[in-house]
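Student: Could you walk me through this protein, one question at a time?
Tutor: Gladly! Have a look at it first.

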Amino acid sequence: MRYIADIVNADKMSGRSRKYKIIFSPQKFYACEMVLEEEGVFGDVTCDEWSFYLLPLDEDIISMELPEFFRDYFLEGDHRWINSIARALQLLNSLYGPFGRAYGIGRCAKMSFELWRDLEGESEGDGQGRKPEIGNVFLMDRDTDYVTALCSQVVYEGLVDDTFRIKCGSVDFGPDVTSSDKSIKVLLNAQDKVFSQIRNEHFSSVFGFLSQKSRNLQAQYDRRRGMDIKQMKNFVSQELKGLKQEHRLLSLHIGACESIMKKKTKQDFQEMIKAEHSLLEGFDIRESTSFIEEHIDRQVSPIESLRLMCLLSITENGLVPKDYRSLKTQYLQSYGPEHLLTFHNLKRIGLLTEQAAGETLTAVESRVSKLVTDRAAGKITDAFNSLARKSNFRAISKKLGLIPRLDGEYDLKLPRDMAYVFSGAYVPLSCKIIEQVLERRGWQGLEEVVRLLNGHEFSVSDSAAEDSAEAQRVVLAVFLGGCTFSEIAALRFLGKERGCKFIFLTTAITNSARVMEAMTEARA
């Protein structure tokens, strides 16, 4: 606002006479008008508001494109975007009729829902006369599940986002992907026939699919050899354009896969995944800590090192004071003292915390687990847990069965549950909560989980919208603070299994790097 005011004042000083219009999107804030008034230009400008709340990225993904929401709300405690969320819900409600049941967990989710209900009351509900098309809506705060957001993504769409950064549903593929000296902007959605078939697949299955697709495409091209003139004419006018487009997309996705493989091989991706799985399962914590220390010492990536430290902290309910000081010192020595404020931010938000004395005996458990069998180690761990305060993540994980018990190898090509999005090692907590609440049609039986997640849950039903069986099969999942492509893939899988359709509304698409960058003070 001060920058705009400076321009207006400079024009006035030089005697230029102009008209000024400021358009605020998605909403106008009173604080902005105050600044204009302080600078003495409020009377010279006209202000307008462009209520742009929803941007459809795909057939089932709607984004509010508010990446700043995560830091503003969860770190700064700024509530200004809650009105935008409530108005976005009001808009959907007016378009698709009243929601049958509303569930949610988290402080922001509850405030947004209550404000939306108030707005509905004031406007006397534009969508009340419409036939309900969305039976269930579920609102969730990002801080309910930080673990899923911090894990490395292994589904194709998630890996493309981690490697190339998907922005507003499109991605820039550089010369390493296009095999030319040009970069290409590609729209990634259901319209891309190749991408729509591999987006939710585990990366290990993608190469096989693409090579099969390539053979099928070649076979379709080869058909023209035995054609007469009439058939060739039909082939050229009806099929050739589509085949060429598919061939172009296929070569781009093969190039993207090769580029991802090269980058991940350089970063010891398999070792990192192994360390992450150990943290999630609670085994070999010492080894994982050593891996993180080595990662910091080698200066692989400041964001990645920070992410692994946060994952260790959350899964262990905070770091042992000795480990916290050691890791923090090593990090600041490797990447620079300018990151000191970042540690303060991470501590405030609860991503990287220090335990009070006597909270855990992880190191002892880890040593004991090497000396005895898994079953005995489990019993000893339980005994230690009864002495020390239980880690919330560990307790929630045990309660909801987030770590699948495997008999033999997990088949990633034919997944049996949502854990496939993390190579069969972990079911995303956010998705498991949604599954359980929808199954129980409320929070009954999940009281202990809610307590461990710090509450703020709600469940409200609208009897007027209960009748439609078709609407009951549609679920609007609202993520406040960002949603990852892994969570989207997991809930799409759940939808297929349960015969329902998930529609995603998020403040922005996020991943581990974006979460870390939002907390970083040392700007590059």
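**Pocket, helices and sheet**

Student: How many residues line the second largest pocket?
Tutor: A pocket is an open set of points on a 1 Å grid over the protein atoms alone, where a 1.4 Å probe fits, with protein on both sides within 12 Å along at least five of seven lines. A residue belongs to the lining if it has an atom within 4 Å of a point. Nearest the centre of the second largest pocket lie D143, Y146, N392, L452 and N454. The whole lining has 29 residues.

Student: Before we go on, which pLDDT do side-chain atom pairs need in order to count?
Tutor: Residues are numbered from 1 along each chain as its sequence is written, and side-chain values use heavy atoms, without hydrogens and water. This is a predicted model, in which totals for chains, interfaces and linings use all residues, local features need pLDDT of at least 70, and side-chain atom pairs need pLDDT 80 or more.

Student: Which helix gives the most to that pocket lining?
Tutor: Helices are DSSP runs of H or I with at least four residues, numbered from the N terminus. At least two lining residues come from each of α6 (146–150), α14 (302–315) and α19 (392–400). With three residues, the helix that gives the most is α19.

Student: How many of the lining residues are charged?
Tutor: Asp, Glu, Lys and Arg count as charged; Ala, Val, Leu, Ile, Met, Phe, Trp, Tyr, Cys and Pro as nonpolar; the others, Gly among them, as polar. The lining of the second largest pocket has 11 nonpolar and 12 polar residues, and the charged ones number six.

Student: How are α14 and α15 oriented to each other?
Tutor: Axes are lines fitted to C-alpha atoms over the stretch in contact, and angles run from 0 to 180 degrees between N-to-C directions. The axes of α14 and α15 (residues 321–335) are 11 Å apart, at an angle of about 175°. Angles over 145 degrees count as roughly antiparallel. The two helices are therefore roughly antiparallel.

Student: Which residues of α15 make the contact with α14?
Tutor: Contact means heavy atoms within 4.5 Å. From α14 come P302, I303, S305, L306, M309 and L312. The contact residues divide into eight nonpolar, one polar and one charged. On the α15 side they are L327, K328, Y331 and Y335.

Student: Which strands stand at the edges of the seven-stranded open sheet?
Tutor: Strands are DSSP runs of E with at least two residues, and two strands pair if DSSP finds at least two bridges between them. The order is β3-β4-β11-β10-β6-β5-β9, with mixed pairing. Each edge strand has a single partner, so one side is left without a neighbour in the sheet; these strands are β3 and β9.

Student: In β9, which residue is the bridge partner of I105?
Tutor: Strand β5 (residues 101–105) runs antiparallel to β9, joined by five bridges. The partner of I105 in β9 is E457.

Methods: Parallel < 35°, antiparallel > 145°, perpendicular 65-115°, else oblique.
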